[in-house]
Amino acid sequence: MTFLACRIYKNESENNSGNNQINHRLEQMDLQALSDGDVVVRVHYSGVNYKDALAATGKGAILKRFPLNGGIDFSGVVESSNDKRFKSGQQVLVNGCGLGEVHDGGLAQYARVPADWVMPIPEGLTMKDCMILGTAGFTAGLAIHRMLENGQSPDKGPIVVTGASGGVGSNAVNMLSGLGYETIAVSGRREFDEYLKSLGATKVCSAEDLKLSNRPLDKGIFGGAVDSVGGKLLSQIMAHTNIWGNIASIGLADTHEFEATVFPLILRGVSLLGVSSTNCPMPLRRAIWKRLGDDLKPQHLNKILTDEVKLKDVSPVFEELLNRKRFGRTIVNCL
Ligand SMILES: NC(=O)c1ccc[n+]([C@@H]2O[C@H](COP(=O)([O-])OP(=O)(O)OC[C@H]3O[C@@H](n4cnc5c(N)ncnc54)[C@H](OP(=O)(O)O)[C@@H]3O)[C@@H](O)[C@H]2O)c1
């Protein structure tokens with residue numbers, strides 16, 4: 001049996017610039033050619049995350065082997081299983097665990113994965129909801145979970161969400177507002193003010209509007225942050241975080257670089273929390289997905305879903321996402 005997949009190749013022969021070329025193509029492939037696993041899933045939905053776009057365009061070194069189907073997450077229906085925990089017809093999801101990095105991913109009509117990676121669709125969510133959230137929503141949930149575990153509370157002050165119009169940002173804004181937090185949505189694109197307010201942002205502004213200082217420690221004005229951007233903005237937010245606030249570092253949409261001093265950490269007890277979705281241990285991953293269908297469930301998933309494309313039409317989405325031409329979440333219908 002053959003099916004459609006978004007397969008990423010590396011051209012090992014040197015091109016004119018002397019670099020190896022990585023790119024993707026939509027092509028038919030055989031089930032037998034998929035990475036090994038106990039469970040074969042008919043994929044219904046996948047999504048386009050920042051990492052998927054970096055992987056498919058070769059703009060980031062995401063894949064550890066080639067060729068490979070892209071897609072770091074999917075939801076779908078079990079076609080067959082060699083593992084007793086799963087039965088054909090069961091609705092499931094997989095995110096992270098090396099999917100779309102070392103193992104054929106979710107941007108395909110079928111995936112074959114180790115049973116240990118597979119989770120039943122959580123109560124409170126549909127297969128489609130799971131991919132509106134996707135790795136972006138999972139990561140926002142993981143960040144907020146870590147902040148709450150570390151003592152975050154609304155009385156510490158507003159939470160800044162950077163890269164707010166993106167997948168992680170939109171989900172984080174909606175989740176935090178649902179939990180009763182004041183939320184400052186920081187976006188470089190003013191056209192999304194109304195969108196972000198409709199997700200529950202108390203205030204929407206640009207990074208410049210925040211008028212943050214360059215001093216290593218300054219007036220405490222934020223309770224914490226969910227940061228998708230990195231760089232100078234992250235350092236400045238840290239310097240303005242109130243005592244015992246938590247900052248979850250998620251992404252590098254601006255840059256992976258980050259310079260700071262220890263002052264916020266040692267003089268205010270501020271915590272900088274790492275958030276890594278790929279290798280999140282399975283018990284914690286299951287607990288986060290359970291919460292995503294319950295107390296962390298964004299109330300406006302319908303607004304966060306800004307586009308649904310067919311698998312055959314996914315190619316242009318990668319560049320558009322990297323070029324900041326999209327907002328919210330784009331899901332991929334693989335049926
Ligand atoms: N740690 C993890 O496990 C994990 C998991 C998922 C994602 N991530 C990372 O988190 C980040 C966001 O991912 P995503 O899927 O939400 O991507 P996304 O949907 O493309 O959102 C990224 C947002 O960042 C802002 N942005 C883009 N380019 C920027 C730039 N040059 N400078 C400043 N802001 C910029 C934009 O928001 P505005 O236009 O509103 O400013 C954009 O919408 C990425 O860096 C991704 O790699 C990490």
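Predicted model: local features only at pLDDT ≥ 70, side-chain atom pairs only at ≥ 80, totals over all residues.
Strands of a sheet pair through backbone hydrogen bonds, either parallel or antiparallel.

Two bridges join β1 and β4 in the antiparallel sense. R7 has N69 of β4 as its bridge partner.

## Helix α1 and its cover

Since six of the eight residues of α1 are buried, the helix is largely enclosed by the rest of the structure.

After α1 comes G58, which has a positive phi, near 80°.

## Two domains

The chain is divided into domain 1, made of residues 2–121 + 300–333, and domain 2, made of residues 136–274. The C-alpha centres of domain 1 and domain 2 are 29 Å apart.

Contact between the domains involves nine residues of domain 1 and 14 residues of domain 2. On the domain 1 side, the residues that touch domain 2 comprise three nonpolar, four polar and two charged.

## The ligand shell

The ligand is surrounded by 30 residues, and the closest are G163, S165, G166, S187 and G251. Helices α1 (50–57), α2 and α3 (167–178) are the elements that give two or more residues to this shell. By class, the shell has 11 nonpolar, 15 polar and four charged residues.

## The largest nonpolar core

The largest nonpolar core has 93 residues, of which A143, V161, A172, V173, A185, L196 and V226 touch the most other members. Helix α2 (residues 127–149) supplies the largest share of this core, with 11 residues. Domain 1 and domain 2 both contribute residues, and the core therefore lies between them.

One of the core members that touch the most others is V173. Leaving aside residues up to four places away in sequence, V173 touches V161, A164, T183, A185, L196, L199, G200 and A201.

## V160 in strand β9

V160 belongs to strand β9, which spans residues 159–162. Is V160 buried or exposed? V160 has 29 other C-beta atoms within 10 Å, and a residue counts as buried at 20 or more, so V160 is buried.

The contacts of V160, not counting residues up to four places away in sequence, are I184, V186, F222, A225 and I237. N95 is 65 residues from V160 along the chain, and the C-alpha atoms of the two residues are separated by 26 Å.

Technical notes. Residues numbered from 1 in each chain as written. Core = buried A, V, L, I, M, F, W, Y, C linked by C-beta atoms within 7 Å. Buried ≥ 20, exposed ≤ 12 C-beta atoms within 10 Å, placed from the backbone. Helix = DSSP H or I, 4+ residues; strand = E, 2+ residues; numbered from the N terminus. Domains from an automatic or database assignment. Contact = placed C-beta atoms within 7 Å. Near = placed C-beta within 6 Å. Nonpolar A, V, L, I, M, F, W, Y, C, P; charged D, E, K, R; others polar. Pairing = 2+ DSSP bridges.
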